Amino acid sequence: NQWQGYKTSNSEAAAADYVELQKVLAKGDHEQATRLLQTLAEEHGRSPYPDHARLLLAKMHVEKGRYADAVPLLRTVADQSKDKEMAVLASLRLARVLLQEGKHDEALNVLKLPKDSAYEALAHDIRGDIHYARGKTAEARAEYAAALEGDEAVIDRTVVELKLQQVGGKPAAAPKVAP
């Protein structure tokens, strides 16, 4: 019972620290948020809250155009998260940030997802954006076409079709959904 009580107390403390970090971020206090993240990681490193906090802080950096500050946060989640789906999402976000920084090769290397990832279509879309930014329209066309063949729940089909048309491709007819 003592162990269960400790785990419950620890979980509640981690949740409270995460809520406090969210409040600090809402106020735009980057320095305090960074300190809270460090505390959260040190005291509750086994919980999912440090990963969530890193993603939140990275989002704030991206929204303010501070891509270089977002990269280490996203890389930590992508490389170290125990939650495989969260790691994949962090990798996708990291690739987008690296694209914004003009680090195309590094962005492509980040997009090596596990086999049968639910986000493969999104990865194809991002790869297409990277190839387009590099001026490689044939590669971009192939990636956008592959994105359209994947799971449409993770991409915006209309946007990807527009990207495909922009690089000289022609979208296939949308799959028919049974009534």
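**Entry 1: Ground rules**

Helices (H or I, at least four residues) and strands (E, at least two) are DSSP runs, numbered from the N terminus. I start with Asp-79, which has its place in helix α4.

Before going on, I note that this is a predicted model, where local features need pLDDT of at least 70 and side-chain atom pairs count only at pLDDT 80 or more, while totals for chains, interfaces and linings use all residues. Residues are numbered from 1 along each chain as its sequence is written, and side-chain values use heavy atoms, with hydrogens and water left out.

**Entry 2: The whole chain**

I looked up the secondary structure and found nine helices and zero strands. Read from the N terminus on, the elements run α-α-α-α-α-α-α-α-α. The C-alpha trace spans about 60 × 40 × 25 Å along its principal axes.

Next came burial, where buried means under 20% relative accessible area, exposed over 50%, and partly exposed in between (1.4 Å probe, protein chains only). Of the 179 residues of the chain, 38% count as buried.

**Entry 3: Back to Asp-79**

Is Asp-79 buried or exposed? Asp-79 is exposed, because its relative accessible area is 59%. I also checked a distance: the C-alpha atoms of Asp-79 and Val-110 are separated by 10.0 Å, and these residues are 31 apart along the chain.

**Entry 4: Helix α2**

Helix α2 covers residues 30-43, which is 14 residues. From its first C-alpha to its last it reaches 20 Å, close to the 20 Å expected at 1.5 Å a residue; the expected span is 1.5 Å times one less than the number of residues.

Which residues of α2 are buried? I found Ala-33, Leu-36, Leu-37 and Leu-40. Seen down the axis of α2, these buried residues fall within an arc of 105 degrees, so they line one face of the helix. The arc is that of the directions from the helix axis to the C-beta atoms.

On the other side of α2, I see Glu-31, Glu-42 and Glu-43 exposed. I picked out Glu-42, which counts as exposed because its relative accessibility is 61%.

**Entry 5: An aromatic pair**

I searched the whole structure for aromatic pairs and found one. For this search, rings of Phe, Tyr and Trp (its six-membered ring) pair if their centres lie within 6.5 Å; planes under 30 degrees apart count as stacked, over 60 as edge-to-face and the rest as tilted.

The rings of Tyr-18 and Tyr-49 have their centres 5.4 Å apart and their planes at 40 degrees, so this pair is tilted. The pair links distant parts of the chain: Tyr-18 sits in helix α1 (residues 2-27) and Tyr-49 in helix α3 (residues 49-63), 31 residues apart.

How exposed are the two partners? Tyr-18 counts as buried at 12% relative accessibility, and Tyr-49 counts as partly exposed at 25%.

**Entry 6: Helices side by side**

Here axes are lines fitted to C-alpha atoms, for helices over the stretch in contact, and angles run from 0 to 180 degrees between N-to-C directions. Helix α3 and helix α4 (residues 67-80) pack at an angle of about 160 degrees, with their axes 8 Å apart. That makes α3 roughly antiparallel to α4. Angles under 35 degrees count as roughly parallel, over 145 as roughly antiparallel, 65 to 115 as roughly perpendicular and the rest as oblique.

I then looked at α4 and helix α5 (residues 84-100), which pack at about 155 degrees with their axes 8 Å apart. This makes α4 roughly antiparallel to α5.

The crossing of α3 and α4 is left-handed, and α4 passes α5 in a left-handed crossing. A crossing is left-handed if the near helix is turned anticlockwise from the far one by less than a right angle, and right-handed if clockwise.

Ile-130 lies in helix α7 (residues 120-133). Ile-130 counts as buried because its relative accessibility is 0%.

In helix α9 (residues 157-166), the buried residues are Arg-157, Val-160, Lys-163 and Leu-164. Seen down the axis of α9, they fall within an arc of 125 degrees, so they line one face of the helix. On the other side of α9, Leu-162 and Gln-166 are exposed.
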